[in-house]
Amino acid sequence: MRRLGFAILVTSISVSAYAQTFTLQEENDSFARASLRSDRAYTNGTRMLWSWVPSSHSRLDRIAAILCGHATEQCDRTVTAGLGQNMYTPEDLARTTPIRGDRPYGGWLYGTLMFDATRQSTNDHIELYAGVIGRDSHAEEAQTFVHQHITPRAQDPLGWDNQIGEWAAFLASYERRVKLLPRKLRDDRLSWFDVTPAIGGAAGNVFINASASTTVRLGYNLPLHFIEPIRAVPFALRTNTREKPETRPDWDAYVYVVANATYVARNVFIDAEDEQYRIERRSSVREHRAGVSVRVRHFRFAYQQTWRSSEFRPLVTRVQQSSRAHSYGMIMISIGPNP
């Protein structure tokens with residue numbers, strides 16, 4: 001499994017040599033919590049992405065063109081490659097033994113390859129993931145390093161010896177978005193409002209789910225593409241539409257809200273040890289998100305806050321606080337021709 005993780009890293013670095021836009025994302029529940037004494041649930045996710053427009057008739061371009069159907073001339077294609085890590089923990093980091101009624105420790109290290117096909121008002125998006133779950137994800141080392149050197153007041157995580165088992169992890173997802181009700185200024189160029197519903201799903205030995213969401217944006221010079229949360233989280237918003245640089249203004253700024261509902265058939269970070277930890281995955285999960293994004297020329301900064309309903313219920317007499325709703329923040333920095 002160590003060789004698989006190394007291969008993913010080498011592949012991602014080699015692809016980045018041809019990249020046009022670099023994006024760094026960090027999701028962490030400490031962004032939303034005043035206390036540093038514990039983490040909880042989906043506690044951290046980090047992802048690096050490299051996006052580019054593939055060369056005409058290249059192998060990657062032909063794969064992306066499949067999403068375009070017959071209208072390839074009116075369909076823009078984009079490819080994104082990346083590397084990421086996610087970690088999940090119970091609330092009490094000081095416990096060294098499994099905590100019944102709370103979720104287990106779990107980590108995931110992955111490489112990803114994404115394809116986008118964008119028309120005037122629709123976007124089709126595919127994501128492919130390969131990675132490792134367990135000790136080879138190095139989630140324990142990453143969280144311990146952060147708590148010791150970056151947030152020294154935080155409790156060191158002491159229960160990683162109880163993390164879920166070791167697997168090679170694979171996931172594929174698809175999403176279609178349709179832009180409705182776009183509103184423009186009088187010059188018919190600069191959008192200030194739009195509504196975008198989406199449906200999608202994911203399948204693999206990590207997550208199996210289906211979701212529906214609606215995004216509402218309000219701002220100035222609205223870009224075609226949206227904020228890109230870490231897709232390894234099973235309920236993400238993702239559209240990677242690209243605009244031609246010559247038609248794009250020098251800056252844009254907007255706020256947005258998202259409502260999402262997901263049916264979950266599998267979540268390995270809950271299902272893998274449900275009998276030992278005495279928890280039951282909830283099949284219906286809701287999310288609400290709100291965020292702000294600002295771009296100046298080739299630099300974009302965004303912040304998003306997510307509120308997620310409980311993903312599991314404890315099957316023990318004493319209901320754990322960790323089964324309640326969860327919130328976390330995301331910071332995104334993007335640099336390149338199309339941030």
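Searching the whole structure gives 15 salt bridges, a salt bridge being a side-chain nitrogen of Lys or Arg within 4 Å of a carboxyl oxygen of Asp or Glu. The model is predicted, so that local features need pLDDT of at least 70 and side-chain atom pairs count only at pLDDT 80 or more, while totals for chains, interfaces and linings use all residues. Residues are numbered from 1 along each chain as its sequence is written, and side-chain values use heavy atoms, with hydrogens and water left out.

**Exercise 1.** Work out which parts of the chain the salt bridge between aspartate 252 and arginine 295 ties together.

*Solution.* Begin with the distance: the closest N and O atoms of aspartate 252 and arginine 295 are 2.7 Å apart. Next, place the residues: aspartate 252 lies in strand E10 (residues 251-267) and arginine 295 in strand E12 (residues 284-296), so the pair ties together parts that are 43 residues apart in sequence; strands (E, at least two residues) and helices (H or I, at least four) are DSSP runs, numbered from the N terminus. Finally, both aspartate 252 and arginine 295 are buried, where buried means under 20% relative accessible area, exposed over 50% and partly exposed in between (1.4 Å probe, protein chains only).

**Exercise 2.** Describe the salt bridge between glutamate 280 and arginine 313, including the accessibility of each residue.

*Solution.* The side chains meet at 3.7 Å, N to O. Glutamate 280 belongs to strand E11 (residues 279-281) and arginine 313 to strand E14 (residues 312-314), 33 residues apart. Glutamate 280 is partly exposed at 35% relative accessible area, and arginine 313 is partly exposed at 31%.
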